[in-house]
Amino acid sequence: MDALPPLNVNRYRDTRCAELRADHVGRVVRLAGWIAAKRDHGGLLFVDLRDPTGVVAGGLVQLVAHPDQPAFAVLDGLRLESVVSVTGRVVARPAETVNPKLATGEVEVAVEAAEVLSSADILPFPVERDSEVGEENRLRYRYLDLRRGPLADRISRRAQLASLVRAHLSGRGFLEVQTPILTASSPEGARDFLVPSSQYPGEFYALPQAPQQFKQLLMVGGIERYFQIAPCFRDEASRADRSPGEFYQIDLEMAFATQDDVFDEVELLMTAITTGMSSKVTGAPFPRLTFAEAVDRFGSDKPDLRFGLELADLTADLGGRTELPMFAGAPESGHVIRALRVPGAAERSRKWFDGFADEAKKVGVIGTWLQLDPAGTKGPLARRLTEEEVGQVVGAVGGEPGDAVLVAVGPRLKASTLLGDHRRRNGRELGLADPNHLAFVWVVDFPMFEQDEVTGAWDFAHNPFSMPQGGLEALRDLDPGSVLAYQYDLVCNGVELSSGAVRNHRPDIMEAAFAIAGYGPERIRSSFPALWNAFHYGPPPHAGIAPGFDRILMVLEDQANIREVIAFPLNQSARDLLMGAPSPVTEAQLRDVHLKVVPPAP
RNA sequence: GGUCCUGUGGUGCAGUUUGGAGUGCACGCCGGCCUGUCAAGCCGGAGGCCGCGGGUUCAAAUCCCGUCAGGACCGCCA
């Protein structure tokens with residue numbers, strides 16, 4: 001049990017539930033808390049009192065009231081979750097009634113007096129009982145959900161993570177700097193949340209999507225190492241691991257630093273976090289995969305490395321060699337033939353396999369398969385390939401009787417990620433991933449540019465401020481598609497925890513990069529004036545990263561949904577069911593900020 | 001912007017596939033009994049526009065269309 005916080009002894013209480021042990025027997029104590037449960041025997045009333053220490057920390061004690069005391073009627077008349085202050089004597093429980101499930105189970109408090117501090121209405125859902133409750137209700141009555149142990153525990157772990165991060169990074173010489181919440185809208189990235197200015201009609205602040213430009217400006221300002229547990233705001237759709245609206249990053253940046261320097265610091269930080277907050281196994285240094293390897297071997301830029309099931313490449317073996325046009329023509333059209341083993345899937349329904357083929361079709365890939373039925377290989381490929389070729393496919397993926405082999409033919413990224421999605425889903429369904437392992441991996445060497453499929457135009461694949469590998473020469477001499485960026489992701493158990501980069505601090509290289517993306521220098525100047533100007537007054541080379549604070553906690557706490565590690569989250573559609581946000585405002589408020597609402601056309 | 005899943009007393013579910021009386025389970029709520037429970041037990045009771053609107057049908061919780069709400073995913077998230 002963690003140490004209890006200091007106690008203010010006052011008229012409400014002089015002792016906490018979690019403190020009560022056998023050596024308190026005989027003492028008269030005053031406790032305050034919530035009525036967690038009542039067991040009424042007519043001539044005897046048991047009340048479980050839960051105080052703010054919480055059930056998780058053992059803050060639950062049994063009170064006993066007898067009908068000859070006035071306290072009996074007081075407690076008997078209260079609903080669950082009412083708040084009381086009770087005075088009574090700590091007594092040892094008879095040996096046969098000791099409750100080993102309670103930390104305080106050797107004793108109970110014989111109530112002499114009870115004062116009602118507040119009484120509760122009928123509850124919208126059971127608070128104490130460990131039952132499933134719909135998430136809508138949990139969000140609407142978040143304060144009741146917080147009283148239930150698990151969420152409260154995660155919120156307390158969140159605080160622990162925050163102080164651990166601060167202590168560690170401060171100890172490593174990082175300076176915590178707060179950056180503005182009201183700033184300027186930036187043309188890149190997600191949609192901004194806008195805040196209208198009352199002083200300047202028609203002008204707006206924006207909430208920062210990340211303190212990206214500020215942290216780079218801090219580098220120019222001579223701060224050598226910066227960090228912040230930074231709120232980030234993006235007006236974008238949510239996912240299970242992506243909170244709509246707002247989230248937190250452990251934002252950090254280092255001057256005169258290389259990619260390896262950032263990796264070293266982050267490995268120290270992550271190790272401090274995992275050893276301090278988890279019994280899960282991990283090890284530094286973290287392995288590194290290039291983006292290309294990650295896609296080729298795992299079909300994902302955020303692979304879960306806790307299990308194998310690597311993709312096999314059959315392009316060289318089967319491409320151009322068979323009678324099948326879809327295979328035969330693959331190499332010359334620049335397509336790949338990739339295969340994934342799905343353990344034990346030979347007997348899956350036709351619908352399941354057809355579903356795979358449909359998914360493939362949707363992304364412009366041919367999806368086909370083999371079913372390694374012990375009685376004979378089935379599936380469309382079995383009929384079309386020679387026995388030797390079937391053997392090649394099976395051998396490449398390590399297929400065993402009873403498995404299925406999914407095969408995708410198409411453009412490299414699309415064919416691979418299609419199979420990568422199945423790898424991830426099957427890994428989850430089959431329980432292949434060791435839940436006690438944290439498989440960190442650096443994914444490095446992301447491409448600098450990507451090409452629009454339709455127009456053929458090049459654009460930045462990720463952060464336009466990343467330093468291209470090879471600098472000016474690479475931008476000048478290489479095909480844009482083969483320029484790599486000093487851009488990296490930290491991935492753990494299939495979750496993208498952070499993204500970072502060595503920044504491009506050189507205006508000349510920046511101009512060259514923007515030129516490839518079709519932008520003139522005036523575009524940089526008008527879009528990022530502060531950074532552009534600052535970079536003309538001696539910016540140091542710098543690099544950084546921003547691990548997602550909420551996501552780290554999700555992984556540590558084994559939560560599938562990010563709302564489970566946030567005290568007051570928005571729901572999937574970015575509504576706050578508790579506070580009722582967003583909400584209309586008055587005409588007067590709109591006038592103040594010079595806005596008129598135009599309802600969307602029906 | 002799109003696809004899919006869900007919506008049944010206060011809560012969590014079953015019933016929907018194959019239309020036939022609001023039929024059921026657990027918890028909670030109200031009342032009664034009960035002196036050792038700890039998910040207390042026993043007896044009784046109240047509580048429902050089956051999310052909402054429209055359609056098909058002799059008949060709709062059930063089938064169809066629309067809509068609203070919650071969730072998962074795609075797009076999106078430099």
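Which residue in S5 does Leu63 stand opposite? In this predicted model, Leu63 is placed opposite Val109 of that strand.

Chain A contains 19 helices and 21 strands. Its C-alpha trace spans about 95 × 75 × 55 Å along the principal axes. Of the 602 residues in the chain, 37% are buried. Contacts in chain A were also examined by sequence separation. Among those with a separation of 6 or more, 67% link residues 24 or more positions apart.

Five strands form a closed barrel. Their order is S1-S2-S3-S5-S4, and the pairing is mixed. From one strand to the next, the twist averages 55 degrees. Strands of a sheet pair through backbone hydrogen bonds, in either a parallel or an antiparallel sense. Strand S5 takes part in pairings of both kinds. Strand S4 covers residues 83-92, and strand S5 covers residues 107-118. These two strands are antiparallel and share ten bridges. Within this pairing, Val86 has Ala114 of S5 as its bridge partner. Ala92 is bridged to Val107, also in S5. Strand S3, residues 60-65, runs parallel to S5. Two bridges join S3 and S5. Leu63, opposite Val109, returns here as a residue facing S5.

Helix packing was examined for H4 and H6. Two packed helices are described by the angle between their axes and by the distance between those axes. Helix H4 comprises residues 149-171, and helix H6 comprises residues 259-277. They pack at an angle of about 140 degrees, with their axes 10 Å apart. At this angle, H4 is oblique to H6. The crossing of the two helices is right-handed. On the H4 side, the contact is made by Arg157, Gln160, Leu161, Leu164, His168 and Leu169. On the H6 side, the contributors are Leu269, Ala272, Ile273, Gly276 and Met277. By class, the contact has seven nonpolar, three polar and one charged residues.

Gln160 is one of the H4 residues in this contact. Gln160 and Ala546 lie 386 residues apart in sequence, and their C-alpha atoms are 19 Å apart in space.

A loop position, Pro468, was also considered. Pro468 sits in the loop between strand S18, residues 458-460, and helix H14, residues 471-477. Pro468 counts as buried because 25 C-beta neighbours lie inside 10 Å, where the cut-off for burial is 20 or more. Neighbours within four places in sequence were set aside in listing its contacts. The contacts of Pro468 are then Met448, Ala474, Leu475, Val483, Ala485, Ile509 and Ala513. Two of these, Ala474 and Leu475, fall within the residue range of helix H14. Between Pro468 and Asp51 the sequence separation is 417 residues. The C-alpha atoms of Pro468 and Asp51 are 57 Å apart.

Key: Residues numbered from 1 in each chain as written. Chains lettered and ligands numbered in written order. Predicted model: local features only at pLDDT ≥ 70, side-chain atom pairs only at ≥ 80, totals over all residues. Axes fitted to C-alpha atoms, helices over the stretch in contact; angles between N-to-C directions. Helix = DSSP H or I, 4+ residues; strand = E, 2+ residues; numbered from the N terminus. Parallel < 35°, antiparallel > 145°, perpendicular 65-115°, else oblique. Left-handed = near helix turned anticlockwise from the far one by under 90°. Contact = placed C-beta atoms within 7 Å. Nonpolar A, V, L, I, M, F, W, Y, C, P; charged D, E, K, R; others polar. Pairing = 2+ DSSP bridges. Buried ≥ 20, exposed ≤ 12 C-beta atoms within 10 Å, placed from the backbone.
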